[in-house]
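Here is a short report on one structure. Look it over first, then read on.

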Amino acid sequence: MGLNRCIACGKTFTARAQSPQQSYCSNAPCQKERRRLWQREKRREDPDYRADQVQAHKAWLARHPDYWRQYREAHPEYVEQNRTQQRARRAEKSPEPVAKMDASIGTSPLKSGTYRLTLMSDDDVAKMDVWMAEITLISTA
Ligand SMILES: [Zn+2]
């Protein structure tokens, strides 16, 4: 039985005999992280699971109709952050729904980072092929 290194906290731990490949230690935050990532992956790839989650969330909200109103009252910083993000999304959406060709020049240069590229056909319909591309900003001038 060897020592494994926890993906979340980086500490070494002794894996259980039943699961020698165990990649998270038994600390509560690490287990929480493991479940969070598992759920995210599951939501991404399993439409039934995603639909169930949406249903469960709606049902829960129906049982707790005042939850968001109370949450907003208790967390004014959340309301403000939300408002700012919404304004940014709205500004991004208008005036046209398709990505602008000159997005990389002008006043708002692309930020360096990993981007997902989708091939558009002539009628502006996204095709299924998707690439990941690393874009590095060299100069804004
Ligand atoms: Zn850990």
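Is Cys 9 buried, partly exposed or exposed? Cys 9 is partly exposed, because its relative accessible area is 33%. Buried means under 20% relative accessible area, exposed over 50%, and partly exposed in between (1.4 Å probe, protein chains only).

## About the model

This is a predicted model, where local features need pLDDT of at least 70, side-chain atom pairs count only at pLDDT 80 or more, and totals for chains, interfaces and linings use all residues. Residues are numbered from 1 along each chain as its sequence is written, and side-chain values use heavy atoms, without hydrogens and water.

## The zinc site

Four residues coordinate the zinc ion through their SG atoms at 2.3 Å: Cys 6, Cys 9, Cys 25 and Cys 30. Donors are N, O and S atoms within 2.8 Å of the metal (3.2 Å for Na, K and Ca). Their spacing in sequence is C-x2-C-x15-C-x4-C. Cys 9 sits in the loop between strand E1 (3-5) and strand E2 (12-14), and Cys 25 in the loop between E2 and helix H1 (28-45), so this pair ties together parts 16 residues apart in sequence. Helices (H or I, at least four residues) and strands (E, at least two) are DSSP runs, numbered from the N terminus.

The donor angles around the zinc ion run from 104 to 115°, so the arrangement is tetrahedral. For four donors, that term requires all angles between 85 and 135 degrees. Cys 25 counts as buried, because its relative accessibility is 7%.

## Gln 22

Gln 22 also lies in the loop between E2 and H1. Gln 22 counts as buried at 15% relative accessibility. Its side chain reaches the backbone nitrogen of Arg 16 at 2.9 Å.

Notes. Four donors count as tetrahedral if all angles lie between 85 and 135 degrees; four count as square planar and six as octahedral if opposite donors are over 155 degrees apart and all others between 65 and 115; anything else is irregular. A polar contact is a pair of N or O atoms within 3.5 Å; within protein, one must be able to donate a hydrogen and the other to accept it, and residues adjacent in sequence count only if both atoms are side-chain atoms.
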